[in-house]
Amino acid sequence: MRITHISTHVVGTPWRNLTYVQVHTDEGLTGVGETRMLGHTDALLGYLHEAERNHIAGSDPFAVEDLVRRMKYGDYGRAGEIVMSGIACVETACWDIKGKALGVPVWQLLGGSVTDRVKAYANGWYTTERTPEAYHEAARAVVERGYRALKIDPFGTGRLELDHDETCRAVALIEAVRDAIGPDAELMLEMHGRFSPATAVRLAREMAPFRPAWLEEPVPPENLKALAKVAGQVEAPVATGERIHDRIEFRELFESQAADIIQPDVGHLGGIAETRKLAATAETHYMLVAPHNVGGSVLTAATLQLAACTPNFKILEHFNDFADAEIKQVVRGAPEVVDGYFALPQEPGLGVEFDPEAAARFPQQQARFDLWAEGWEKRTPAGRENR
């Protein structure tokens, strides 16, 4: 079997463009992969166009390791977010083809399952007015839908510091959310790399009564010593990793022991097998894995394959029940959360089928997501008007 060509499809919403890559073979089997780029979608498409000629066309889709190695190192330049995301899409599609050809889900090819279901947490649910009353109502809707975990960034446009009034407002929002979801649901606190270490520590202590399940990216991701400074002064687990795009670059994070939970994005880290290797290394450092997942149903299905066979897998992020739920129409067999959990995919390959005709109903948009603009949490064009 050989790859004949690839085709790309961009599914657009006002705040995110999702890129789907279909890998076609001479035996008629087609696989699909997905990633979500922030402001770099056209650059990704340009890279894939060149990579198709240089590396992909004519390759054996079963030889996943060889194809990834050639795409990563065969152009000599150091691979970054765009290259690793392109690799991820193609790599995931090859696993999809391999599973379909052998008649088994991908997780069976990666060592078999260690669980029969995967816990999910909701994101994208607080696209409402930034008041305790509105957040209470929105959070209640999440748990009524069966979720037992959710994530929130309550800090507005905070950057490095957060003044007294905004701190009080953030605390009030979290208090309202905790009241809505009850004492047992997990509440992940997202900081989006906003703060200085001193501010992050202060805010963590303000939020401690509401028992956050983790503090996510409390400081910008470039400085691990700053992250370690925070981790040494807070009780809540620290999570990070969504903006690291090569598993080799996690080495210093492991050595520093500055995080308790790593959050690689399968769609940015080079795909399923690359993330599985990273998860195995995390296990040797007693760290849990909770992948970043702002993609659609293909990326969710791919990450579920990883979850199935990863002993230190904690929980999976999911946007598509609350933000842009209609994009689930672009695949058949989209994974669904039932009583707070995903069931393991049982169909061959990824367990989903991409529908190009349905995808065409969501054309690429000038999507932009600015975390420093008023109203960013609404993820709507109205929020963009304030930039």
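1. **Ground rules.** Residues are numbered from 1 along each chain as its sequence is written. In this predicted model, local features need pLDDT of at least 70, side-chain atom pairs count only at pLDDT 80 or more, and totals for chains, interfaces and linings use all residues, while side-chain values use heavy atoms, with hydrogens and water left out.

2. **Confidence.** The predictor's confidence in each residue is its pLDDT, from 0 to 100. For the protein chain the mean is 96, and 98% of its residues reach 70 or more. Residues 382-387 have a pLDDT below 50, and this stretch has ten contacts in the model beyond near neighbours in sequence (a contact means heavy atoms within 4.5 Å). Where pLDDT is low, the predicted coordinates should not be read in detail.

3. **The largest pocket.** Its volume is about 770 Å³. Of the 38 residues lining the largest pocket, R36, L38, E242, F369 and L371 are the closest to its centre. A pocket here is an open set of points on a 1 Å grid over the protein atoms alone, with protein on both sides within 12 Å along at least five of seven lines; lining residues have an atom within 4 Å of a point. Grid points are joined across faces, edges and corners, and a volume is the space filled by probe spheres set on the points.

4. **What lines the largest pocket.** Strand β3 (30-37) and helix α1 (41-56) each supply at least two lining residues, and α1 gives the most, with three. Helices (H or I, at least four residues) and strands (E, at least two) are DSSP runs, numbered from the N terminus. The lining divides into eleven nonpolar, twelve polar and 15 charged residues. Ala, Val, Leu, Ile, Met, Phe, Trp, Tyr, Cys and Pro count as nonpolar, Asp, Glu, Lys and Arg as charged, and the others, Gly among them, as polar.

5. **The second largest pocket.** This one holds about 160 Å³ of space. Its lining includes A204, R205, P212 and E235, and by class it has six nonpolar, one polar and three charged residues.

6. **Cavities.** The structure holds three cavities of 30 Å³ or more; a cavity is a set of points where a 1.4 Å probe fits but cannot get out. The largest cavity has a volume of about 80 Å³. Among the residues that line the largest cavity are E217, N223, L224 and E242, and its lining has six nonpolar, three polar and three charged residues.

7. **E190.** Look for E190 in strand β6 (residues 186-190). E190 counts as buried because its relative accessibility is 3% (buried means under 20% relative accessible area, exposed over 50%, partly exposed in between, with a 1.4 Å probe and protein chains only). A polar atom of the E190 side chain lies 2.8 Å from the backbone nitrogen of H192.

8. **Loop residues worth a look.** Y286, in the loop between α10 (272-284) and β10 (288-289), has a positive phi near 60° although it is not glycine. Y286 is exposed, with a relative accessible area of 77%. D339 also has a positive phi, about 50°, without being a glycine; its place is the loop between β13 (337-338) and β14 (341-343).

Notes: Polar contact = N/O pair within 3.5 Å; in protein donor to acceptor, adjacent residues only side chain to side chain.
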